[in-house]
Amino acid sequence: NTTTQVHFQAILDGTTGSIELVWAPTQGALGDSATIGVEDPAGANASQHSFNTAGSITAGSSRLFTPM
């Protein structure tokens, strides 16, 4: 079992309801064993960026999710 640390921040915008995930500038390329996205508390609505996709996280990258 291998543990990999991922350094990122989630920026929540209370005005627009958007969520931006921002990965650190020092973050190596990852994503080969990760699901990246957001889901509402009921699980009824979701937005997925990637699922087990190598290289979907790169240094300094970000993903913006907006309300549906």
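**Notebook: rings, strands and buried residues**

I searched the whole structure and found one aromatic pair. For the search, rings of Phe, Tyr and Trp (its six-membered ring) pair if their centres lie within 6.5 Å; planes under 30 degrees apart count as stacked, over 60 as edge-to-face and the rest as tilted. The ring centres of F8 and W23 are 6.2 Å apart and the planes stand at 35°, so I noted the pair as tilted. F8 sits in strand β1 and W23 in strand β2, 15 residues apart, so the pair links distant parts of the chain.

I then noted what I was working with. This is a predicted model, in which local features need pLDDT of at least 70 and side-chain atom pairs count only at pLDDT 80 or more, while totals for chains, interfaces and linings use all residues. Residues are numbered from 1 along each chain as its sequence is written, and side-chain values use heavy atoms, with hydrogens and water left out.

**Confidence.** I checked pLDDT, the predictor's confidence in each residue, from 0 to 100. The protein chain has a mean of 88, and 97% of its residues reach 70 or more. Among the elements, β1 has the highest mean pLDDT (95) and β3 the lowest (91).

F8 has 49%, so F8 is partly exposed. W23 has 5% and counts as buried.

**Strands.** I took strands as DSSP runs (E, at least two residues; helices are H or I, at least four), numbered from the N terminus. Two strands pair if DSSP finds at least two bridges between them. β1 (residues 8–12) and β2 (residues 19–23) run antiparallel, joined by five bridges. Q9 stands opposite V22 in β2. Six residues lie between the strands of this hairpin, and G17 there takes a positive phi near 80°. β2 also pairs with β5 (residues 62–65), antiparallel, over four bridges. There, E20 has L64 in β5 as its bridge partner.

I turned to β3 and β4 next. They pair in the antiparallel sense over five bridges. G37 is bridged to Q48 in β4. This hairpin also has six residues between its strands, and G43 takes a positive phi near 80°.

**Core.** Which residues make up the largest nonpolar core? I listed six: L21, W23, L30, I36, I57 and F65. A nonpolar core here is a set of buried Ala, Val, Leu, Ile, Met, Phe, Trp, Tyr and Cys residues joined through side-chain atoms within 4.5 Å. For contacts I took heavy atoms within 4.5 Å. Not counting residues up to four places away in sequence, L21 touches partners including F8, I36, S61 and F65.

**Two loop residues.** I looked up S61, in the loop between β4 (46–51) and β5. Its relative accessible area is 11%, so S61 is buried. Beyond four places in sequence, S61 contacts L21, V22 and W23. A polar atom of the S61 side chain lies 2.8 Å from the backbone oxygen of T58.

T58 turned up again beside Q27. Q27 lies in the loop between β2 and β3 (35–39). Q27 is buried, at 6% relative accessible area. Q27 and T58 are 31 residues apart in sequence, yet 6.4 Å apart in space, C-alpha to C-alpha. Leaving aside neighbours within four places, Q27 contacts Q5, V6, H7, I57, T58 and A59.

Terms used: Buried means under 20% relative accessible area, exposed over 50%, partly exposed in between (1.4 Å probe, protein chains only). A polar contact is a pair of N or O atoms within 3.5 Å; within protein, one must be able to donate a hydrogen and the other to accept it, and residues adjacent in sequence count only if both atoms are side-chain atoms.
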